[in-house]
Amino acid sequence: MTRRPPPLDLAVRPLYPDRPSTHRIRKAVVTLTRRLALPLAATLAVTALPVAAATVDPAAYARARIAEADGAVASAAQDYARVLADDPQDIAIALRTFRAAVRAGDMPLADRAAAALAAQKAAPSDIALLTLARAARDGDRAGAEAALKRFDGDRLRILAPPLRAWLALEAGADPFAALAQAPDEPVARRFAAETRALLLIATGRIDEGVTAVRALGGAADLAAFDEHVAAARLLIGQGKDKAARALLDDDAGATALRIEPTRGTRPTLAFGASHLFTRIAADLATGEDPGVLTYTLLRAALRADPANDRARLLLAGVLAGDDALDAGLAMLAEVPADSPYASLAATGRVQMLADGGRADEALAVLDTLSVTKKTPIGDIQRLADLQLRLDRPAQAVPLYARLVKQAGAAADWTDWLQYGAALDGAGQWPAARDALQKALAKGPDQPLALNYLGYALTQHRERIDEAQAMLEKAARLKPDDAAIADSLGWALYLRGQPARALPLVERAAEGDPLSAEIGEHLGDLYWQAGRRYEARYAWTAAQATATPVETARLAAKIEQGLPQ
């Protein structure tokens, strides 16, 4: 049997991970933004077919819908543009065109579609984000104030105080007075605190501002790192390069910390709006369905500040997760080598290719990435995770070893678990067992640590009673986990208790039907129970997601069954 990879999200950290310390805030942001409802007519029109079909090129409309579904965002936008030109008064067409244009980054087309919707009084509220971004970029203060009035009459009003603060600063007024108008609620307070920290730096109160930025979190937290990068750009814009580098070097360099003097910026509404929009999009992008608002926020962020590489990184991930992988990869390619997000873009490319089923390309890119003595911890962690994700545990071992060594006594159960998993996969079982035992010692009540060590001991036929006790404890702590149910079932099977094992493995297969390992276990149990047809069916299904080695073994079982 193959090893069980770590059944945890830590195996590959998300490209845009959530921030546990602000989970409730993120949830509130998601709730708020998803309630930024379209006008009723526009909402109904989203699913309606064009009512003026006689005036519209049906071939162009069909091509647009197909391209949209296939993730060909540029082609979809081009065909929607033709359809919109045929009938700019059709709300359904205008709305589809607007969404497709925003997704593709075709801002002139988005503006035309937005104007068509406004003419029909059916404009969705997030159009105001693009309007404000354009005004901010152009230095049009009157236009920005007009856009902000649209925010006031909508649930977007929670964004108005921070934006008005940046507008006041740009106009030479007191930005803190505008910021004081923020509502007294958790999300608004968080936005106000982040904006205030940056405004302190922007107004020359450097020490106070840097202290406030650091209070938002350390650089190891990607969301807090975004604040650090924004603050660093403001500091560099004031000629404070040394202070910028010191701010970015927090937490022993948890991410790529290089930022060049050319990356500085002035404290404008364009900068502030771009940062705020990206901040909200970062929260939305971590959900299962980022939604259309995420696209609008990120395109508005880039419209206001084309140097916002964090927005590019997020947009790449959203596109890739929305079946537009090539568009996402193209977006990553726009992140320059001197960006503080360059290393995230490089490892993000590997992860996106792997997630998209293009493993060979992912490996080719991964082989171009290397570590040195000066490589930041965050970069090493991501590379190690990707090596393990792409089934190259031997290459992951020295990287995890370095992370554990650098962490010293502070290494937690996840550090030791990943190191142990890599060692196990590389065939270094004694060392793996020691690391996994350290993981369990650090997290004695962690189901994932209990599951991995219990399963590994079972596979190696060591301390069988103790291993089963670990798995039973893991199952009590996490009863709905498919991997744990399978581990316990397989342990029972190996101990000669197939009748108790089968229901557990069947439940595991229902919970995780794409797991080749669980499918193979299920087939083995069916075969032993005399259910030969079902066994071969389970083995055949397992081949769909199996590795080449697993596929060969499954093929032999399908042809010959299990030895007597």
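The legends below describe close-up views of side-chain contacts in a predicted model. Residues are numbered from 1 along each chain as its sequence is written, and side-chain values use heavy atoms, with hydrogens and water left out. Local features need pLDDT of at least 70 and side-chain atom pairs count only at pLDDT 80 or more, while totals for chains, interfaces and linings use all residues.

**View 1. A salt bridge joins aspartate 226 and arginine 310.** A salt bridge is a side-chain nitrogen of Lys or Arg within 4 Å of a carboxyl oxygen of Asp or Glu, and the structure holds 35 of them. Here the closest N and O atoms are 2.7 Å apart. The pair links distant parts of the chain, with aspartate 226 in helix H13 (residues 222-237) and arginine 310 in helix H17 (residues 309-321), 84 residues apart. Helices (H or I, at least four residues) are DSSP runs, numbered from the N terminus. Both aspartate 226 and arginine 310 are buried; buried means under 20% relative accessible area, exposed over 50%, and partly exposed in between (1.4 Å probe, protein chains only).

**View 2. Glutamate 520 forms a salt bridge with lysine 557.** The closest N and O atoms lie 2.7 Å apart. Glutamate 520 belongs to helix H29 (residues 516-528) and lysine 557 to helix H31 (residues 548-560), 37 residues apart. Glutamate 520 is buried at 2% relative accessible area, and lysine 557 is buried at 10%.

**View 3. Aspartate 481 and lysine 478 meet in a salt bridge.** The N to O distance is 3.6 Å. Aspartate 481 is buried, with 14% relative accessible area, whereas lysine 478 is partly exposed at 35%.

**View 4. Tyrosine 61 and tyrosine 80 form an edge-to-face aromatic pair.** Rings of Phe, Tyr and Trp (its six-membered ring) pair if their centres lie within 6.5 Å; planes under 30 degrees apart count as stacked, over 60 as edge-to-face and the rest as tilted. In this pair the centres are 6.3 Å apart, with 80 degrees between the planes. Tyrosine 61 is buried at 11% relative accessible area, and tyrosine 80 is buried at 0%.

**View 5. Tryptophan 416 and tyrosine 419 form a tilted aromatic pair.** The centres are 6.1 Å apart and the planes make an angle of 50 degrees. Because they are three residues apart in helix H23 (residues 413-425), tryptophan 416 and tyrosine 419 are separated by about one helical turn.

Technical notes: Helices (H or I, at least four residues) and strands (E, at least two) are DSSP runs, numbered from the N terminus.
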